Amino acid sequence: DSKYDAFLSGKARLTDQELRGLALFNDPLKGNCAACHPSARGSDGSPPLFTDFTYDNLGVPRNDAIPANADAAYVDLGLCGPQRADLGERRDLCGAFKVPSLRNVSRTAPYFHNGRFATLQEAVAFYVRRDTNPEEWYPVGTTGVQKFDDLPIDLHANVNTTEAPYNRRLGDAPALTPAEIEDVVAFLGTLDDGYQP
């Protein structure tokens with residue numbers, strides 16, 4: 001019973017900002033969020049769940065607020081453990097986590113598997129600036145920015161760097177401007193349950 005559900009049923013109108021955010025969310029060259037978080041009704045007309053039920057490795061920065069991370073050797077490898085051991089031999093899956101539903105996402109902070117980001121603005125900014133401005137998210141050492149600092153180096157190749165918006169490079173323009181990030185965040189707010197017209 002979100003505003004977006006009412007919109008899909010023709011019972012509510014999205015604001016101009018929410019409509020811009022939806023367009024950016026769906027645009028495969030901009031946010032490309034719908035690639036993993038489909039926003040269209042199912043083939044049977046069912047409301048979208050905003051997850052494709054897959055797993056992805058986004059190279060989320062290490063969260064120093066997690067007590068286990070005080071040990072530099074500790075790494076949460078998602079599908080490969082430490083909480084599970086059945087996929088430990090599938091090194092290609094290490095660092096991948098389930099693509100969550102975005103239903104009620106504005107109410108579920110902090111974000112990502114390790115709670116690294118406190119706000120949706122930060123989470124969306126990370127998606128679109130991870131590779132264009134990595135110094136914003138990762139530590140900078142004597143050899144430069146240490147990207148994907150929460151994964152062993154031999155697993156860096158597992159990080160998604162091919163799909164938009166992750167296909168940008170240092171020096172490229174981010175996929176979304178700050179104003180467009182705000183538009184996407186405004187759209188994400190329409191996914192909360194309990195909408196009252």
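Predicted model: local features only at pLDDT ≥ 70, side-chain atom pairs only at ≥ 80, totals over all residues.
Me: Let's start with helix α4. Is helix α4 largely enclosed or open, and why?
Reply: Count its buried residues. Helix α4 covers residues 178–188, and eight of those eleven residues are buried, so the helix is largely enclosed by the rest of the structure. The buried ones are Glu180, Ile181, Asp183, Val184, Val185, Ala186, Phe187 and Leu188.

Me: And what do the buried residues of α4 pack against?
Reply: Three other helices: α1 (3–8), α2 (16–26) and α3 (120–129).

Me: How do I describe two helices that pack together?
Reply: Two packed helices are described by the angle between their axes and the distance between the axes.

Me: Where do the nonpolar residues go?
Reply: In soluble globular proteins, nonpolar side chains tend to be buried together. Here the largest nonpolar core has 37 residues, and Phe187 and Leu188 have the most contacts inside it. Helices α2, α3 and α4 each supply at least two residues of this core, with the largest share, six residues, coming from α3.

Me: What does Phe187 touch, leaving aside its neighbours within four places in sequence?
Reply: Phe187 is in contact with Tyr4, Glu18, Gly21, Leu22, Phe25 and Phe50.

Me: Now the charged side chains. How do I read those?
Reply: Side chains of opposite charge can pair when their charged atoms come close. In this model the count comes to twelve salt bridges. One of them joins the side chains of Asp183 and Arg20, with 3.0 Å from N to O. That pair links distant parts of the chain, since Asp183 sits in helix α4 and Arg20 in helix α2, 163 residues apart.

Me: Are those two residues buried or exposed?
Reply: Asp183 is buried, with a relative accessible area of 7%. Arg20 is partly exposed, at 43%.

Me: Which residue forms a salt bridge with Glu180?
Reply: Lys30 does, and the closest N and O atoms are 3.1 Å apart. This pair also links distant parts of the chain: Lys30 is in the loop between α2 and β1 (55–56), Glu180 is in helix α4, and they are 150 residues apart. At 22% relative accessibility, Lys30 counts as partly exposed, whereas Glu180 is buried at 18%. The cut-off for buried is under 20%.

Me: Can you show me a pair with an exposed partner?
Reply: Look at Asp86 and Arg84, whose side chains meet in a salt bridge of 2.8 Å, N to O. Asp86 counts as exposed at 55% relative accessibility, and Arg84 counts as partly exposed at 33%. Salt bridges can also form a network, as they do for Arg130, Asp131 and Lys147.

Me: Last topic, the backbone. Where are the cis peptide bonds?
Reply: One joins Gly81 and Pro82, with omega about 25°, and Pro82 lies in the loop between β1 and β2 (97–98). Another joins Ala164 and Pro165, with omega about 5°; Pro165 lies in the loop between β4 (144–145) and α4.

Me: And which residues other than glycine have a positive phi?
Reply: Two to look up are Asn104, with phi near 60°, and Phe148, with phi near 55°. Asn104 lies in the loop between β2 and α3 and counts as buried at 18% relative accessibility. Phe148 is found in the loop between β4 and α4, and at 8% Phe148 counts as buried too.

Notes. Residues numbered from 1 in each chain as written. Heavy atoms only, no water. Buried < 20%, exposed > 50% of the residue type's maximum accessible area, 1.4 Å probe, protein only. Helix = DSSP H or I, 4+ residues; strand = E, 2+ residues; numbered from the N terminus. Contact = heavy atoms within 4.5 Å. Salt bridge = Lys/Arg side-chain N within 4 Å of Asp/Glu carboxyl O. Core = buried A, V, L, I, M, F, W, Y, C linked by side-chain atoms within 4.5 Å.
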